[in-house]
Amino acid sequence: MTAILHIDWTSCDGRGLCTELLPGVLDRDDWGYPVARGKSGRERTDIPLRDADREAAQEAVSLCPKLALSLQERMEPARESRKPGR
Amino acid sequence: MSHAGDTSQPAPPDAARQEPRLLAAGPDAGWDQHLDTFGPLDADAAAPGLLDALAASGLTGRGGAAFETWRKVTATAESGRKGLFAARPVVIANGAEGEPLSFKDRTLLSHAPHLVIDGLLTLAAALGGAGTYVYAPAAGLPRVRQALAGRPGTKRVRVVEAPETFISGESSAVVNMIATGNAVPVDQRRRLSESGLNGRPTLVVNVETLAQVALIARYGAQWFRQAGTATDPGTRLVSVSGPAPVRDVVLEVPGGVELSAVLKEAGMDPAPLSAVLVGGYHGRWVRPAAHVLSPEGPVGGTVRPGAGVIHALDPHACGIGATARILTYLANESARQCGPCMFGLPAMASVLNRIAGGERNPRLASELDRLGRLVSGRGACRHPEGTTGLVSSALEVFAADFRAHLAGYCVPLGGVAA
Ligand code: SF4
Ligand code: SF4
C-alpha cells in the first residue's frame, strides 16, 4: 500500500500552508500553488508519498483551510491514470 | 477513404482508400435507409457477447484518449455490481466537440444518428439496463431528437445540450453539465466509472466510438479488424482542414494510415506543406512527411490522431503566430478553477505572443518551456498538459522560426529547408 496525497485543484487557493508542513514533498510555484517535488504528469495531482511523510501529510489534510487535500491508500501497482475521455 | 456526403463519386485506386463504414447509409440517412444498409440490431440479443467482441476488436475511444473501449465498459460494469445496493449505471453518448477544428462528430450525428443510438442502446443493455443520455451541441439536437422519435426503444433516452466551449466535452464536465448545468470539469478523487452522474457508475463514450460499437455488435471483431493494422484496427473519422481553397472534409480512414495519404485524399499536396496540426489544440504539430496516424507506435514515425483533427498550416503562415493564437484561445478557455491552469496558461500565452510579436529576448523560449513543465499535470482535467504538449511540439517543429524570431526576423517556414 502506498499513501497518495490528492490535490483538488478546484478548491486549492494557493496560500501554501501545505508547502510549509511538507517542505520535502511540496514546493511552491510562481503563484503559490503546491508543486510535488521530483514528480511529473498526474503524479503531481495524486502524489505518491514515502511512509516517512505520511504523518505530516495527514496533518496537512486536516489543516488545509480549503479542504483541498485528501489521503488515499493505493494498492500496488499504481492504478491507471485517468484518461481524458470525450 | 470516403468523403462524407459524396459517397457516390467513383474512387481512384489507392492503397489507403477505405470503403465507407460509418457513413455507408449515405447522407442524412433515416431509419429505413439505416436498416437497409446495416440490417437490424437487437440490443438485448447483442448484449451478452458484446464485451468479448469489443475486447477482440481492439476498438479504442475515438474522442481523443484512445483508451480501450472494453476496459472502460468493464470498469463501469464492475462498479455497478459492487456494494450492497447495485447502482444502475449510466451511459452518455458524448457528441460535444469543443475543438474549433473538429467537425467529424457533428457530421456523424447528422448523417448516421441511428448508428450512434444503436451503440448507446447496446452498451446500455450490456450494462444490465443502464440509463442513457445523448449530449450534443444545440445545432445537432433537432436531428438527434428526430432520429430518437423515429425508432422504437428510445423513450427513455434523455437529450442534453452541450455548450460550445472547448472544455465542454471533457468527461467529468459532461457529467457535471447533466447533473448541475455547469459544463466544467470536477475534481476526481473517484473515477466516473465508480461514481459519476448522481453517484452512479458512469460511462461517457464519444459518439463515433458508439457507432463503431454498433458495427462490431452486428458484424463482429473479425470484420472490424479487416480495416486498419494489428495495433490500430478498424477505421476512424478525421476532420481535415487546411489553407484556402482547401475545403473542410470528413474522411473515414483505416487505422495506421499515412498522414500524407490523408492530406492527398483531402485535396492537398503534402510536399509544400511546412507543418500539420494533428489531434487538435491538445495535439501536436508535425512535419507532414513520414508520419503514420495511430494511437501507438514509435515516436517520430507515429502521431496520435486524438479526436481526429488534421489541420495543415498555410505554408506562407508563421507557425509561431498560429500557435500563439491557439494558446491564447486555450488560455481563455481554461475553466479558471485550478490555479496552475488559470495563471499558468495566460502566462505561457503572454510569453509566446511576445516571441510572435518580435521581441528579441533569447530567454523567452526557455521561459516558455519552464512554464509548460510547471503547469503540466496540475489541474482537475488535462487542459494544462494538453496545452503544454502543443507548445512543446511547436518549440520542436518551429525551432528554426523561434531562433529567427528571437534574432529579430520571421521567415515563414515554407522558406526553410524542412
Ligand atoms: S493548504 Fe490547501 S489551499 Fe493551501 S495551498 Fe495547500 S492545498 Fe492549497
Ligand atoms: S485544469 Fe484548467 S480547464 Fe481543467 S478544470 Fe482546471 S481550470 Fe478548468
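Predicted model: local features only at pLDDT ≥ 70, side-chain atom pairs only at ≥ 80, totals over all residues.

Biologist: Let's begin with the helix pairs. Why are helix 10 of chain B and helix 13 of chain B called roughly antiparallel to each other?

Modeller: Their axes come within 11 Å and cross at roughly 170°. Angles over 145 degrees count as roughly antiparallel, so helix 10 and helix 13 of chain B get that name.

Biologist: Which residues make that contact?

Modeller: Helix 10 of chain B brings Thr323(B), Ile326(B), Leu327(B) and Leu330(B), while helix 13 of chain B brings His383(B), Thr387(B), Leu390(B), Val391(B) and Ala394(B). Sorted by class, that contact has six nonpolar, three polar and no charged residues.

Biologist: On to the cores. Which residues have the most contacts inside the largest nonpolar core?

Modeller: Those are Leu5(A), Leu69(A), Trp285(B), Met348(B), Leu352(B), Ile355(B) and Phe398(B), in a core of 59 residues. Elements that each supply at least two of its residues include strand 1 (2-7) and helix 2 (54-63) of chain A, and helix 11 (339-356) and helix 12 (363-375) of chain B. There is also a second, separate core of 49 residues, with Ala43(B), Leu115(B), Val207(B) and Leu237(B) among them.

Biologist: What is Met348(B) in contact with, leaving aside neighbours within four places in sequence?

Modeller: Met348(B) is in contact with Leu327(B), Leu368(B), Leu371(B), Gly372(B), Val375(B), Thr388(B) and Val391(B).

Biologist: Now the ligands. How do the residues of the shell around ligand 1 divide by class?

Modeller: Seven are nonpolar, two polar and three charged. Cys12(A), Asp13(A), Arg15(A), Cys18(A), Cys64(A) and Lys66(A) are among the residues around ligand 1. For ligand 2, the shell divides into seven nonpolar, four polar and one charged, and its residues include Arg336(B), Cys338(B), Cys341(B), Cys381(B) and His383(B).

Biologist: Last one: why does Arg37(A) count as partly exposed?

Modeller: Arg37(A) has 42% relative accessibility. Buried would need under 20% and exposed over 50%, so Arg37(A) lands in between, as partly exposed. Arg37(A) is found in the loop between strand 3 (34-36) and strand 4 (46-48) of chain A. Leaving aside its neighbours within four places in sequence, Arg37(A) is in contact with Pro23(A), Gly24(A), Val25(A), Leu26(A) and Asp27(A).

Biologist: And the rest of chain A, how many helices and strands are there?

Modeller: Chain A has two helices and five strands, running β-α-β-β-β-α-β from the N terminus on. Of its 86 residues, 48% count as buried.

Technical notes
Residues numbered from 1 in each chain as written. Chains lettered and ligands numbered in written order. Heavy atoms only, no water. Near = heavy atom within 4 Å. Nonpolar A, V, L, I, M, F, W, Y, C, P; charged D, E, K, R; others polar. Core = buried A, V, L, I, M, F, W, Y, C linked by side-chain atoms within 4.5 Å. Buried < 20%, exposed > 50% of the residue type's maximum accessible area, 1.4 Å probe, protein only. Helix = DSSP H or I, 4+ residues; strand = E, 2+ residues; numbered from the N terminus. Contact = heavy atoms within 4.5 Å. Axes fitted to C-alpha atoms, helices over the stretch in contact; angles between N-to-C directions. Parallel < 35°, antiparallel > 145°, perpendicular 65-115°, else oblique.
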